[in-house]
Amino acid sequence: MAVYQKKGTALIHGGIYGDKTTGAVNTPIYQTSTYEQHGLGENTGWEYSRTGNPTRAALEALIAELEGGTAGFAFGSGMAAITAVLTLFKAGDKVIISSNVYGGTFRVLDKVFKNFSLGYEIVDTSDLALLEKSITPEVRAILVESPANPLLTVTDLAAVAKIAKEHGILSIVDNTFMTPYLQRPIELGVDIVVHSATKYLGGHSDLVAGLVVVNDSILAERLGFIQNATGGVLGPFDSFLLIRGIKTLGVRLDRHVENAEKAAAFLKNHKAVKKVYYPGLPDAQGYEVNRRQAKNGGAMISFELYENYNIRKFFKALKLIALAESLGGVESLVCHPASMTHASIPKEVRDRVGITEGLIRLSIGIEDIEDLLADLEQAIAESEE
């Protein structure tokens with residue numbers, strides 16, 4: 001029985017805390033591939049590290065507790081986690097995906113799973129009437145990001161979960177942008193939560209990992225079989241690093257969000273900025289929905305400059321904020337979704353959903369906000385033509 005009630009404490013003491021064998025307060029790195037057995041059919045509960053590893057098991061128990069789910073599963077990347085979840089479906093099934101999702105999610109459906117006759121349809125899931133209308137007999141799941149990548153579109157997760165249940169299909173939420181510290185989709189009725197743990201959960205841009213949490217024992221059994229059978233598991237050292245990263249998630253995200261709110265206000269009031277996408281702004285799409293289902297607007301911001309500003313010059317002029325793939329580390333990162341994170345999505349699809357050539361995505365880090373704003377200011381000034 002847990003002796004704590006708050007999320008910040010659960011981040012540190014949740015899951016399998018410490019090591020009973022030695023009393024170590026940190027779960028050790030069990031860097032082993034196999035385990036000696038006492039006799040035929042006699043073991044300590046561990047047989048082979050693809051099937052189970054104590055360090056990975058501690059991480060999986062931790063993320064399950066944090067998300068309020070039945071079981072957690074750790075994979076070698078966020079895409080390995082998404083792939084394992086999509087393997088729950090069969091040929092002829094269809095998955096509805098949000099109209100702006102991570103490009104890798106689109107790519108694996110369009111270029112890999114399509115070869116095995118798993119279909120998909122892109123739908124604006126923030127439009128619940130349209131979502132309901134899109135559910136045909138072959139649809140077996142709705143896969144949502146909220147806020148979505150990269151336009152920060154907000155979808156009502158409780159409503160999506162309700163619609164899915166009414167149709168006897170699964171609801172899946174990629175919770176990478178928010179993490180369980182800011183948003184807990186399973187509490188809203190969602191069946192499966194996915195994370196690219198590379199991002200905020202790891203938090204230091206030093207590992208690649210994926211996590212999945214499910215809400216019932218049947219899904220846990222099915223996904224556990226897939227994890228073991230396909231083998232895309234997270235190694236013990238990265239599992240250790242991820243547990244360590246999660247311990248500081250609360251204090252990091254508090255600073256990330258504090259900085260992001262100030263950066264969003266700065267950009268919104270800047271004469272060079274045409275549009276800002278940030279769910280924490282009162283006039284943002286889905287602001288009220290996001291307030292109901294999340295602690296705040298998170299730390300991701302996208303924006304567009306007016307046409308008389310050259311974004312190539314903007315990226316080149318940044319001195320502190322790094323132009324790089326990924327997000328969620330302690331350092332601030334900027335990217336151009338159309339040519340980087342979402343380049344695998346055909347241009348006509350990007351144009352249709354609003355991922356324009358002028359869109360800039362910011363992952364706000366935990367640096368001093370005055371330094372970040374000064375870097376943005378001077379880069380915008382350098383980009384004016």
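Buried means under 20% relative accessible area, exposed means over 50%, and partly exposed lies in between, for a 1.4 Å probe and protein chains only. Helices (H or I, at least four residues) and strands (E, at least two) are DSSP runs, numbered from the N terminus.

This is a predicted model, in which local features need pLDDT of at least 70, side-chain atom pairs count only at pLDDT 80 or more, and totals for chains, interfaces and linings use all residues. Residues are numbered from 1 along each chain as its sequence is written, and side-chain values use heavy atoms, with hydrogens and water left out.

**Along helix 2**

Colour the buried residues of helix 2, among them Pro 54, Leu 59, Ile 63 and Glu 67. Then go to the N-terminal end, which Asn 53 caps: a side-chain oxygen lies 2.9 Å from the backbone nitrogen of Thr 55. Just after the helix, select Gly 68, which has a positive phi of about 75°.

Next, compare the end C-alpha atoms of helix 2: they are 20 Å apart, which agrees with the 20 Å that 14 residues should span at 1.5 Å a residue. The expected span is 1.5 Å times one less than the number of residues.

**The ring pairs**

The whole structure holds 5 aromatic pairs. Rings of Phe, Tyr and Trp (its six-membered ring) pair if their centres lie within 6.5 Å; planes under 30 degrees apart count as stacked, over 60 as edge-to-face and the rest as tilted.

Select Tyr 35 and Trp 46: the ring centres are 6.3 Å apart and the planes are at 35°, so the pair is tilted. Both residues are in the loop between helix 1 (7-13) and helix 2 (54-67), 11 residues apart. Tyr 35 counts as buried at 14% relative accessibility, while Trp 46 is partly exposed at 28%.

Move to Phe 106 and Tyr 120, whose ring centres are 5.6 Å apart with planes at 80°, so this pair is edge-to-face. Phe 106 is in helix 4 (residues 103-112) and Tyr 120 is in strand 3 (residues 119-123), 14 residues apart. Phe 106 is buried, with a relative accessible area of 4%; Tyr 120 is partly exposed, at 22%.

Further along, select Phe 303, Phe 314 and Phe 315, which ring pairs link into a cluster.

**Last stop**

Select Lys 275, which lies over the face of Tyr 277, at 5.1 Å from the ring centre. A charge sits over a ring if NZ of Lys or CZ of Arg is within 6 Å of the ring centre and within 35 degrees of the ring normal.

Methods. Polar contact = N/O pair within 3.5 Å; in protein donor to acceptor, adjacent residues only side chain to side chain.
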